[in-house]
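Let's walk through this structure together, one feature at a time. Have a look at the model first, and then we'll start with a pair of side chains.

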Amino acid sequence: MTPRALAYLLFTLVLAGTFAGIIAYYFSRKRYDRVEAPKHRMLADDDPLPDSTGSRREG
């Protein structure tokens with residue numbers, strides 16, 4: 001194995017390790033609620049539910 005190929009292999013392994021570390025950090029159970037909260041907040045219904053009687057306020 002040439003030094004150039006070895007450097008290429010080591011650089012690739014460092015990049016793969018860094019990527020795996022980022023994924024593990026981002027999707028860890030400790031951060032799950034914090035990461036998922038904006039998605040659930042965006043899907044939450046802001047409008048109040050209509051009355052069950054069907055009456056509408058006007059005015």
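Start with Glu36 and Lys39, whose side chains meet in a salt bridge at 2.7 Å, N to O. A salt bridge here is a side-chain nitrogen of Lys or Arg within 4 Å of a carboxyl oxygen of Asp or Glu. In general, side chains of opposite charge can pair when their charged atoms come close. The structure holds one salt bridge.

Before going on, a word on where this comes from. This is a predicted model, in which local features need pLDDT of at least 70 and side-chain atom pairs count only at pLDDT 80 or more, while totals for chains, interfaces and linings use all residues. Residues are numbered from 1 along each chain as its sequence is written, and side-chain values use heavy atoms, with hydrogens and water left out.

Back to our pair: Glu36 and Lys39 both sit in helix α2 (residues 29-43), three residues apart, or about one turn of the helix. Helices are DSSP runs of H or I with at least four residues, strands are runs of E with at least two, and both are numbered from the N terminus. Glu36 is buried, with a relative accessible area of 16%, whereas Lys39 is partly exposed at 41%. Buried means under 20% relative accessible area, exposed means over 50%, and partly exposed is in between (1.4 Å probe, protein chains only). Arg31 and Val35 are buried in α2 too, along with Glu36.

How far apart are the end C-alpha atoms of α2? They are 22 Å apart, which agrees with the 21 Å that its 15 residues should span at 1.5 Å a residue (the expected span is 1.5 Å times one less than the number of residues). There is also a kink of about 35° at Ala37, shortly before the proline Pro38; the bend is the angle between axes fitted to the seven residues ending there and the seven starting there.

Now for the rest of the chain. Its secondary structure comes to two helices and zero strands, and 5% of its 59 residues count as buried. Leu13 is found in the other one we'll visit, helix α1 (residues 3-26), and is exposed, with a relative accessible area of 53%.

Last, the rings of Tyr26 and Phe27 have centres 4.9 Å apart and planes at 85°, so the pair is edge-to-face. Rings of Phe, Tyr and Trp (its six-membered ring) pair if their centres lie within 6.5 Å; planes under 30 degrees apart count as stacked, over 60 as edge-to-face and the rest as tilted.
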